[in-house]
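Please look over the model shown here before reading on. The report is meant to be read beside the sequence and the coordinates.

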Amino acid sequence: MYFLSHLLIFTVIALILFIYYRARKKLNYFKERGVPNSKAIPVFGSIWDNVIRKKHFFEVFTQLYNDFPDLRFSGFFMFNDPIYLIRDPALIKQICIKDFDHFVNHSNNIDIDIDPMLGRSVFFAKDLRWRHTRNILSPLFTGSKMRLMFSLIAQYCDKIMNTLLTNANGSAKEFEMKDIVTRFGNDIVASVAFGLEVDSLKNRDNEFYVNGKKMVKFDGWPGIKLLLASVCPRLLKLFSKSITDMKTIEFYVNLVSDTIKYREENENFSRNDMLDLLIKAKTKQSIKSDEDEHQFEESFAATEHHSLENTESSIEWTDLDIASQSGTFFFAGFETTANSTCLTIHELALNPDIQDRLRGEVDEVLEQLQGKLLPYEILQKMKYMDMVVTETLRKWPPLAQTDRVCSKQYTITNSDGTEVVLEKNDIIGIPVFAIQRDPKYFPNPEKFDPERFSDDNKHEVDPATFLTFGIGPRNCVGSRFALMQMKAIIFYILKYSRIEVSAKTQHPIQFEKSSFTLNAKNGFWVNFIPRH
């Protein structure tokens with residue numbers, strides 16, 4: 001027994017030393033290639049300050065970006081993985097658009113055997129499955145399809161904001177906006193993506209909302225599993241641990257299956273929602289735009305459409321695929337779009353002059369509508385609304401960085417003329433937040449200034465420096481949906497109220513250092529002053 005216990009201790013120590021040795025040896029990766037790299041420590045790489053919660057993920061990437069301001073690219077380590085940090089917008093554009101066939105996938109791919117729901121998502125899928133899914137989804141997010149869905153969103157926002165302020169009696173009412181906006185997002189996606197009518201402000205613990213919170217919970221053990229799926233998928237697969245709770249997967253698949261069955265049995269039933277379009281995709285019905293897309297004003301922030309080669313695939317869509325894509329947009333609406341909406345509201349509270357001008361535009365539209373519901377075409381023509389939302393997304397992008405994985409040899413040249421050959425599976429990182437806060441591209445970047453995106457000024461913005469929704473064919477397919485949701489919520493908030501700072505409003509705002517997104521440490525608090 002004595003011998004065995006000492007043998008076990010010796011084995012553990014030897015294993016730790018071996019891992020440390022391998023990790024330390026790997027830190028020579030960039031030096032051997034002549035690439036300057038940010039400071040790193042074995043195992044934890046260059047993100048130690050985030051691991052110990054000293055800095056937010058956004059702060060860490062900004063520091064990495066600023067380490068070598070004169071270079072087109074440099075190196076850093078995400079834990080033990082070497083990553084090339086691309087700083088130069090021209091190189092980003094070259095990699096993500098011109099030479100996209102070398103960089104199709106993200107690094108955080110999730111195998112469907114590990115998580116049958118996330119693995120099918122357009123965000124996490126790779127290669128042929130991603131191309132197949134993207135080609136199916138792209139026609140769902142054209143202007144004409146947004147117009148069909150928008151009436152459902154406008155009706156909901158108008159009703160909820162009216163109800164929310166009914167009992168205020170003209171006095172200030174303090175709200176924590178993250179809770180409210182996530183419930184807005186929950187109910188909107190429940191309606192357009194799952195065909196359900198839900199009121200999460202009245203029925204706060206409804207089944208759809210509770211399961212949704214489980215699906216987007218990535219702190220604690222779910223967060224560890226998500227990390228393992230990227231850095232050590234074999235280990236996660238060995239223990240057969242799905243990232244998404246299996247009961248949650250079952251809930252969404254059953255919900256989709258029951259809804260599809262009902263609609264198939266009632267052929268005349270149609271809601272013109274996302275689920276209708278996804279059902280057509282499943283049955284391989286043609287999804288075409290019935291409108292001239294050029295009639296819709298396009299947001300500066302909306303992603304450019306890139307044609308992909310036709311993918312004749314043996315992949316057959318199932319109810320699980322539909323549930324996965326619907327769940328993907330639930331996640332976007334619940335977390336990233338909700339944070340962006342909250343930050344817009346926060347900026348409007350801090351900048352009353354900007355809020356007054358935007359409210360003036362809202363009032364002009366309301367007068368024009370004469371009591372009718374806001375249509376998508378008019379929302380898209382609200383220029384100042386678009387400027388405000390776009391500036392929020394510039395100043396506060398939902399993610400600090402995005403990445404791509406090299407699929408075949410590719411040569412990049414640094415500012416000093418050094419050529420580096422990227423090999424298959426090498427990773428490049430794109431520091432979204434840091435680029436959009438770089439005064440070289442956006443003067444006085446800390447200032448909230450919608451005028452950057454006015455008709456007179458927006459042509460001066462290099463599209464390769466506005467990366468909120470990504471760039472190239474792997475950009476965010478749902479950008480128009482996210483923008484539509486944000487604008488609708490802001491429109492109806494300003495229709496019914498004036499936004500002011502409250503006693504709990506944080507300025508400057510502090511963010512949870514444990515979160516990969518911009519979650520306010522103590523919430524997004526503001527006062528609503530009813531207008532009528």
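What follows describes strand pairing, helix packing and some backbone details.

The model is a predicted one, in which local features need pLDDT of at least 70 and side-chain atom pairs count only at pLDDT 80 or more, whereas totals for chains, interfaces and linings use all residues. Residues are numbered from 1 along each chain as its sequence is written, and side-chain values use heavy atoms, with hydrogens and water left out.

Helices (H or I, at least four residues) and strands (E, at least two) are DSSP runs numbered from the N terminus. Strand S7 covers residues 427–430, with Ile427 and Gly429 pointing one way and Ile428 and Ile430 the other way, and all of them are buried, that is, under 20% relative accessible area with a 1.4 Å probe and protein chains only. In a regular strand the side chains alternate between the two faces of the sheet. Two strands pair if DSSP finds at least two bridges between them; S7 pairs in the parallel sense with strand S2 (residues 81–86) over three bridges, and Leu85 stands opposite Gly429. Strand S4 (residues 402–405) runs antiparallel to S7 and is joined to S7 by four bridges, with Arg404 opposite Ile428.

The axes of H17 and helix H19 (residues 479–496) come within 11 Å and cross at roughly 115°. This contact (heavy atoms within 4.5 Å) is made by Met385, Asp386, Val389 and Leu393 of H17 and by Leu483, Met486, Lys487, Ile490 and Phe491 of H19. Helix H15 (residues 352–369) and H17 pack at about 140°, their axes 8 Å apart, and here Ile354, Arg357, Leu358 and Glu361 in H15 meet Lys383, Tyr384, Met385 and Val388 in H17.

| Residue | Phi | Relative accessible area |
|---|---|---|
| Val43 | near 75° | 34%, partly exposed |
| Gln370 | about 55° | 64%, exposed |

Val43 is placed in the loop between helix H2 (29–32) and helix H3 (48–51), while Gln370 is found in the loop between H15 and helix H16 (376–380). The peptide bond from His507 to Pro508 is cis, with omega near 0°, and Pro508 lies in the loop between strand S8 (497–500) and strand S9 (525–530). Most residues other than glycine have a negative phi, and most peptide bonds are trans.

How values were computed: Buried < 20%, exposed > 50% of the residue type's maximum accessible area, 1.4 Å probe, protein only. Axes fitted to C-alpha atoms, helices over the stretch in contact; angles between N-to-C directions.
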